[in-house]
Amino acid sequence: MTTSASATTGVKSDHPNVKPTVVLVHGAWADGSSWNGVVSRLQHDGYTVDVPPNPLRGVAGDSAYLASYLKTVAGPIVLVGHSYGGFVITNAAAGNTNVKALVYVNAYIPAAGDTLNGLTAQFPGSQVGPDALNFVPSADGVVDAYIKPAMFRSILANDLSAGRAAVLAADQRPLAASALTEPSGTPAWAGIPSWDLIGTADHALPAAAQEFMAKRARATVTKINASHLSMISHPNIVDDVIEDAARHTS
């Protein structure tokens, strides 16, 4: 594991000596249970943890839902996003002065106008493409995108057992296909310090893309040899990064 501190970390909280609430936002093809190993560690260390559902319907709608949720959380917040959840936290935190730190875990860190498809294709190495997806239309006109179960482990869970990956593939929640081309808004990371955990064995979001986005956001970076689902395979390291961000809120 290598770390480099390139962000300003002297953040002061409006609530001194109060541990922040940690809000964890899952990404596409997952649900809140993907954070279970991280949640147990944070709770053991005395943190209040919230894991609201990510609707996975689109950047604007999902961000608006999370922004409304965050308004119900009292005191300082460390806001954490995995994968597509990075799009959601980047937009939802804008204008919320209680959000003191953003933490990205194998996540997109979009600038204004960026799209999921654009950032994924900017660097070679992603195995997420049309051939990897099953598209399922619904009665309301929304087309859902699923990762094909036979490809789930290779793309998202290459450092997990075949059995564990099979369960995750069966449990996956789809992303609305329209979200893949929906642009992001003004990024909250422009005014909120950020931390980023980069999985160097990520076959969904290439490490080069993650590094590019982290540098642009001036994030404090931790690199580990992990798949896209690093919070499942390495919950202890993900917890360490989150708690480091939390310590800088007071």
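1. Strands here are DSSP runs (E, at least two residues), helices are runs of H or I with at least four, and both are numbered from the N terminus. One thing to keep in mind as you look: this is a predicted model, where local features need pLDDT of at least 70 and side-chain atom pairs count only at pLDDT 80 or more, while totals for chains, interfaces and linings use all residues. Residues are numbered from 1 along each chain as its sequence is written, and side-chain values use heavy atoms, with hydrogens and water left out.

2. Now follow the chain past strand 8. Leu180 sits in the loop between strand 8 (175-176) and strand 9 (194-199). Is Leu180 buried or exposed? Leu180 counts as buried because its relative accessibility is 14% (buried is under 20% relative accessible area, exposed is over 50%, partly exposed is in between, with a 1.4 Å probe and protein chains only). Setting aside neighbours within four places in sequence, Leu180 touches Thr115, Leu116, Asn117 and Leu175; contact means heavy atoms within 4.5 Å. Its C-alpha atom lies 21 Å from that of Ile198, 18 residues apart along the chain.

3. Next, a pair of helices. Two packed helices are described by the angle between their axes and the distance between the axes. For helix 5 (residues 149-156) and helix 6 (residues 162-171), the axes come within 9 Å and cross at roughly 115°. The axes are lines fitted to C-alpha atoms, for helices over the stretch in contact, with angles from 0 to 180 degrees between N-to-C directions.

4. Which residues meet where these helices touch? From helix 5 there are Pro149, Phe152 and Arg153, and from helix 6 Ala162, Ala165, Leu168 and Ala169. By class, this contact has 6 nonpolar, no polar and 1 charged residues (Ala, Val, Leu, Ile, Met, Phe, Trp, Tyr, Cys and Pro count as nonpolar, Asp, Glu, Lys and Arg as charged, and the others, Gly among them, as polar).

5. Leu168 counts as buried because its relative accessibility is 17%. Beyond its neighbours within four places in sequence, Leu168 is in contact with Phe152, Leu160, Leu229 and Ile232. The C-alpha atoms of Leu168 and Trp29 are 8.6 Å apart, although 139 residues separate them along the chain.

6. Finally, the rings. The structure holds 3 aromatic pairs; rings of Phe, Tyr and Trp (its six-membered ring) pair if their centres lie within 6.5 Å, with planes under 30 degrees apart counted as stacked, over 60 as edge-to-face and the rest as tilted. Tyr84 and Phe87 have ring centres 6.4 Å apart and planes at 25°, so this pair is stacked. Both Tyr84 and Phe87 are buried. Phe123 and Phe212 make a tilted pair, 5.7 Å centre to centre with 50° between the planes.
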